[in-house]
Amino acid sequence: MHLTLTNILRNLFASGIQEVPPAKSLEDEDHRYIRGDVASRSPCPGLNALANQGFLPRDGKDITPAQVEQALMTALHMDRLAARSLSSALPPLCRPDGRFDLIDTRRHNVIEHDSSFTRLDFHQGDNYTFQPAMLQAMMDDADGGPVTLRSLAKTFMRRTRESRAGGAPRLPLGLWFVRLFQAVGVMNTAQTGGVLTKELLEAVFVEERFPDVILNNPKPRTVFTLAGNALGMLRYVILGP
């Protein structure tokens, strides 16, 4: 999923028109972690985790943007504006019946894009499979400590260089901002004091599972907390990590 200023403004003014039910309690349904078939999953670990833990259909099929919005509010404590702004990026992937499968999110330059921290670029032939060595490189950028906004800036700049050197085209400005927000997506989702431990990162990226430290943290995740993380990382990108 990706967030744009257009999505935020559109949904800010529409928030009083289209309502969704209040977020459900985590106790309402079975949210045990059951890993789905990776052959039919998304390049987005967050969407996969929501399906693996039963916040979305576990088979990853016939999903609606409204279901994603509800899942983001229930599982990740996003406020309505943030959840709706993220889920409003999904309609281009939907079939005429308004539904999509997780595998549909592999379409290039809708949600998936080049210069990912943990996936290869489109021209390399596999732009959707998680690469463990790339996650390790992201953790190595933290120089032995937890991942922070400073280390994410190092990863952001390194992946930009690697992607361009490998022959990937330069991202359009709109997708560059999408990439900026996605770079801090896990940091914003975790709300763990500006640090991401190895254990948390492996849960999200390797297992595609949201750990209890995320699920049980009721602090609201908003477009403003996301923007704050993005600006914090961008400061290190501009001034140097």
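Helices are DSSP runs of H or I with at least four residues, strands are runs of E with at least two, and both are numbered from the N terminus. The model is predicted, so that local features need pLDDT of at least 70 and side-chain atom pairs count only at pLDDT 80 or more, whereas totals for chains, interfaces and linings use all residues. Residues are numbered from 1 along each chain as its sequence is written, and side-chain values use heavy atoms, with hydrogens and water left out.

View 1. D143 is placed in the loop that joins α5 (132-140) to α6, and its phi is near 55°, a positive value in a residue other than glycine. With 64% relative accessibility, D143 counts as exposed, a class that requires over 50% relative accessible area, where buried means under 20% and partly exposed lies in between (1.4 Å probe, protein chains only). D62 is found in the loop between α2 and α3, and its phi is likewise positive, near 55°. The relative accessibility of D62 is 40%, and D62 therefore counts as partly exposed.

**View 2. P169 in the loop between α6 and α7.** P169 belongs to the loop between α6 (149-165) and α7 (173-183), and with a relative accessible area of 54% it is exposed. Leaving aside residues up to four places away in sequence, P169 touches D114 and R164, a contact being heavy atoms within 4.5 Å. The C-alpha atoms of P169 and F122 are separated by 9.9 Å, although these residues stand 47 residues apart along the chain.

**View 3. N48 within helix α2.** N48 sits in α2 (residues 45-52) and is buried, its relative accessible area being 0%. A polar atom of the N48 side chain lies 2.7 Å from the backbone oxygen of S42; a polar contact is a pair of N or O atoms within 3.5 Å, of which, within protein, one must be able to donate a hydrogen and the other to accept it, and residues adjacent in sequence count only if both atoms are side-chain atoms. Beyond the residues up to four places away in sequence, N48 touches R41, S42, L102 and E208.

**View 4. The packing of α3 against α4.** Helices α3 (residues 65-76) and α4 (residues 80-87) pack at an angle of about 145°, and their axes are 9 Å apart; axes are lines fitted to C-alpha atoms, for helices over the stretch in contact, and angles run from 0 to 180 degrees between N-to-C directions. From α3 the contact is made by P65, V68, E69, L72 and M73, and from α4 by R80, A83, R84, L86 and S87.

**View 5. Helix α11 and its two ends.** The 17 residues of α11 (residues 223-239) reach 24 Å from the first C-alpha to the last, close to the 24 Å expected at 1.5 Å a residue, where the expected span is 1.5 Å times one less than the number of residues. Its buried residues are V223, L226, N229, A230, G232, M233, L234, Y236 and V237. At the start of α11, a side-chain oxygen of T222 comes to within 3.1 Å of the backbone nitrogen of F224, and just after the helix, G240 takes a positive phi of about 100°.

**View 6. The chain as a whole.** The chain has 11 helices and 0 strands, and 51% of its 241 residues count as buried.
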